[in-house]
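Take a walk through this protein with the model open beside you. Follow each stop in turn.

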Amino acid sequence: MDLRIKRLVLLLCSIILCLFLYPPATSADSAAAIPKFIQISSQSAGHALLLKDDGTVWAWGQNGKGQLGDGTTIFRSKLVNVQGLPRIKQVLASLEFSAALAENGDLYTWGDNQYGQSGQMDAKYVPIPTFLMSDVAYVSFPNRQDALVLKTDGSIWGWGWAAAGPNPADIFGNSPMNAHFPIEYTPNHQFLTLTKDYLTASDGEVVQYIASGGGYQLQPQLKDKRIVGASWSYVLLGDGVIYTRKTQTSFIRFSNMNSFVSLKGDDPHGALDTSGNLWMWGRNGFGQIGNGKVAFAGDPNPNESVPYKALTKVMDVAVNDASVYAIRSDGSVWGWGSFPADNDRVALNRQVSPKPLFDENGDLHIATPSVPFGDLKGNTYETIIRGLLAKGIIFGFEDNTFRPSDVITREEFIQWLVLSQGWPHTQKTAAFGNEMPMDRWSNVYIRAALQNGVIKLDGEGLLDAADRLYRSDMAVMAARALKLKNESAKIKITDEDPYWPNLGLIHAAINKKVVLLDSKGALNYSYSVTRAEAAFTIYRILQAKK
């Protein structure tokens with residue numbers, strides 16, 4: 001046989017043997033090689049972080065404080081890969097700041113640092129992931145502007161807004177306020193796990209962190225229980241049962257279901273069961289429940305109290321005030337509710353049922369209206385109002401209007417004030433009797449305002465929650481929210497009456513310029529407050545706290 005033919009035969013035989021031993025990858029093999037999303041976090045409506053199974057982190061949304069970690073403050077409508085991180089196992093996206101926990105226990109933070117949320121000393125904001133601490137076992141942002149960490153050696157650390165509370169007698173012994181770097185606490189327990197704001201000790205005791213400087217609370221009913229998930233008003237135990245808070249230290253069973261494995265969101269709430277079904281309940285003003293409906297605070301039944309099966313084949317979920325994200329078993333990302341349209345606002349597109357959120361290029365798939373709240377155009381406070389709307393602090397109406405000239409009610413203003421301060425609002429009050437029924441939508445906000453001294457039980461007449469808010473009321477509530485004391489006038493009030501109730505607090509609010517006088521220097525004590533004026537006062541209160 002010709003030598004060239006022999007060589008050709010040998011080559012063909014070699015090729016056939018290689019194909020037999022090493023068959024080409026199938027389409028399934030190729031698909032498996034493509035990293036998929038496995039985890040998502042979004043505690044507020046502004047932005048979200050996603051984690052792929054290759055340990056890479058992706059982000060999208062508002063970025064005014066560098067919370068996306070891409071080194072800019074530019075809004076991103078397309079997913080961006082967060083650079084400069086090792087292989088990550090957990091992501092956390094909170095109120096304008098973010099964190100990522102690496103597989104080796106290193107913790108990285110970035111974004112807003114006004115109250116020390118990122119723990120990066122005196123930086124106002126941190127635009128890229130920055131190493132903070134090592135040997136971290138668990139990390140949580142329990143109240144959206146603070147952080148708790150349980151390290152591998154059992155030590156507890158905290159930083160941010162009201163990081164441990166002002167009470168020196170709390171069981172941790174430390175009381176940092178707005179700590180801009182991690183501070184180690186000195187508990188009298190050895191803790192093993194951290195779930196949201198619940199710490200489980202080696203002796204079975206469970207301790208809960210209380211928001212806004214409230215210290216820590218032992219939870220005796222939860223002793224020796226394994227805590228799987230938690231929110232402000234619910235806790236999921238290892239037996240798959242969700243319990244709802246009855247009092248500060250007691251819980252009752254929420255539903256007859258007993259197969260839950262995950263619980264997310266403070267209101268609304270989302271829970272996954274063992275079959276991958278996502279159940280939603282709670283506030284539905286942006287269509288977050290996913291049941292095709294929208295319910296508003298003023299409606300007779302503003303909350304969906306019965307869990308609704310919104311989506312199947314879900315492996316992880318993130319729930320915030322305005323939107324819901326879900327990662328399905330195939331790695332696709334779905335969403336519903338309302339999503340950020342730019343750095344200043346959440347567009348009220350109200351996607352009321354689940355749909356794929358991103359297309360194959362990582363671009364937002366759900367369209368957002370270009371001009372929501374068109375009736376704000378030309379309003380003096382338009383930019384301020386849109387900023388508060390974007391943060392979920394104030395709300396518009398179901399017809400996509402804000403109605404800035406409409407009069408605001410006392411209970412609506414109290415709701416905005418409570419949300420602006422981040423006060424917990426899950427418990428109800430019977431303190432006002434029939435004037436404030438337990439099932440009224442605003443009851444939880446009224447109780448939060450009462451607990452924080454904004455409204456009083458005695459000496460101020462009826463609550464009149466649904467009545468219009470007067471400028472005098474607004475000034476007094478603003479002063480109390482800021483913990484101001486009685487002051488004499490530094491700014492002359494031309495229509496002042498020395499017999500006005502709470503005159504000293506009215507002076508304090510005006511001196512602080514959280515409530516403004518008109519062009520003639522008059523307070524107009526008994527005038528009604530418009531929704532735009534109320535929003536501006538909420539903004540001024542937030543500015544005064546900086």
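Ser 323 sits in strand β26, which covers residues 323–328. The model is a predicted one. Is Ser 323 buried or exposed? Its relative accessibility is 0%. Buried means under 20%, so Ser 323 counts as buried. What does Ser 323 touch, once neighbours within four places in sequence are set aside? Its contacts are Gln 288, Ala 318, Trp 336, Gly 337, Ser 338 and Phe 339.

Now turn to a sheet. Strands of a sheet pair through backbone hydrogen bonds, either parallel or antiparallel. Here, four strands form an open sheet in the order β1-β2-β3-β4, and the pairing is antiparallel. The edges belong to β1 (37–41) and β4 (76–82). Each of these has a single partner strand, so one side of each is left without a neighbour in the sheet. On average, neighbouring strands of this sheet are turned by 25 degrees against each other, direction ignored. Look at β3, residues 57–61: four bridges join this strand to β4 in the antiparallel sense. Ala 59 has Val 80 in β4 as its bridge partner.

Next comes the inside. The largest nonpolar core has 63 residues. Ile 394, Phe 413, Trp 416 and Ile 455 have the most contacts inside it. Several helices supply at least two residues each to this core, among them α3 (382–390), α4 (410–421) and α8 (531–544). Leaving aside neighbours within four places in sequence, Phe 413 is in contact with Ile 408, Leu 469, Met 474, Met 477, Ala 534, Thr 537 and Ile 538. A second, separate core has 16 residues, including Val 57, Ile 88, Val 91 and Trp 110.

How values were computed:
Residues are numbered from 1 along each chain as its sequence is written. This is a predicted model: local features need pLDDT of at least 70, side-chain atom pairs count only at pLDDT 80 or more; totals for chains, interfaces and linings use all residues. Side-chain values use heavy atoms; hydrogens and water are left out. Two strands pair if DSSP finds at least two bridges between them. Axes are lines fitted to C-alpha atoms, for helices over the stretch in contact, and angles run from 0 to 180 degrees between N-to-C directions. Buried means under 20% relative accessible area, exposed over 50%, partly exposed in between (1.4 Å probe, protein chains only). Contact means heavy atoms within 4.5 Å. A nonpolar core is a set of buried Ala, Val, Leu, Ile, Met, Phe, Trp, Tyr and Cys residues joined through side-chain atoms within 4.5 Å.
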